[in-house]
Amino acid sequence: MRFVCLLLLFVAGCGAAPAAPVSSVGYPDEVRSLYSTMKWPADVRPDLEALIKATAPPAGEQGFARQALAVVNTCAWYRSWDAAVTRGDSAAAGPALDAITNLVTRYPPEDDRAGRQFVRDAAVRAAAGDPAPVRDYVDANCFDTKWA
Amino acid sequence: MKRKMFVVAVGVIGALVATAMPASASSSGLSGNLRKGEWVNYSTARTITVGGTNIYVNKTDGPEIGVKWRRCSGGAEGSEVRLQNADPTPRVRIGSNFRASTVFCLSAKSYGSNSTDTWNGNVWWNVN
């Protein structure tokens, strides 16, 4: 239940209008705090300090961690599922496909209709055994992400 | 005869619109805060779903600004494009030839006289 509440808060934040910057500093703490509330695959997790360095807003203000973590979490589940399928590990592929289908499809904001459709289509194609969309997503968004 | 001409005209206009804006083209309004001479990141993520397409923006209200796209997950960003003070500005391209599935965010900074300000405009993506 707690996880569902956190997820709803997370998704609501992703749908926010273009940002008003927050004056307080603390982006690194925001990333670490939000990361700890999210569900991650056991085998693919980002190097948090590298992620903070790569995505920190100019003034280090809070309010920008959600979109970065949403994309990186999507990449993590896509990579985990792809690796599990490649090595024939159905025990790991099953939970990853569940996250691809029921978790990451909630990340794109409401007004990014094309993005919402993309992750839904990627889930359907993954369920059918087609890795092409998830590989495209990882290549486009996380090709230089450092993983722990 | 008039009816035929009307149908032809509608067909021509429809074809022109379809050529200019593919069915998958996306757009939304923008409204953001600004700091003079300092980049402000905006938190809304948008997804390129048509490979090889471009991002455009215009400004309908606000001071002269610089605007750029950046990958929401970090590691890549576009060059600054200036939008002049006079509004509305033309639609200008701020990035081109994107890979499908790229998730991008926007940043802007002010060249106006106020230390803080706001602006409004529009963004188009998945556009040729």
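What covers the buried residues of α6(A)? I found that the cover includes α4 (65-86), α5 (90-102) and α7 (132-142) of chain A, together with β3 (46-47) and β8 (103-110) of chain B. Helices (H or I, at least four residues) and strands (E, at least two) are DSSP runs, numbered from the N terminus.

A note on the source: this is a predicted model, where local features need pLDDT of at least 70, side-chain atom pairs count only at pLDDT 80 or more, and totals for chains, interfaces and linings use all residues. Residues are numbered from 1 along each chain as its sequence is written, while chains are lettered from A and ligands numbered from 1 in the order in which they are written.

Next I listed the buried residues of α6(A): Gly115(A), Phe118(A), Val119(A), Ala122(A), Ala123(A) and Ala126(A). They span an arc of only 130° around the axis (taken from the directions from the helix axis to the C-beta atoms), which puts them on the same side of α6(A). Buried means 20 or more other C-beta atoms within 10 Å of the residue's own, with C-beta atoms placed from the backbone.

Then I turned to where the chains meet: 30 residues of chain B are in contact (C-beta atoms, placed from the backbone, within 7 Å) with 35 residues of chain A. On the chain B side, β1(B) gives the most, with 6 residues.

Last, I looked up the open sheet of chain B, and its 4 strands follow the order β1-β9-β4-β7 with antiparallel pairing. Strands pair if DSSP finds at least two bridges between them. β1 and β7 (92-98) of chain B stand at the edges with a single partner strand each, so one side of each has no neighbour in the sheet.

Note on methods: Buried ≥ 20, exposed ≤ 12 C-beta atoms within 10 Å, placed from the backbone. Contact = placed C-beta atoms within 7 Å.
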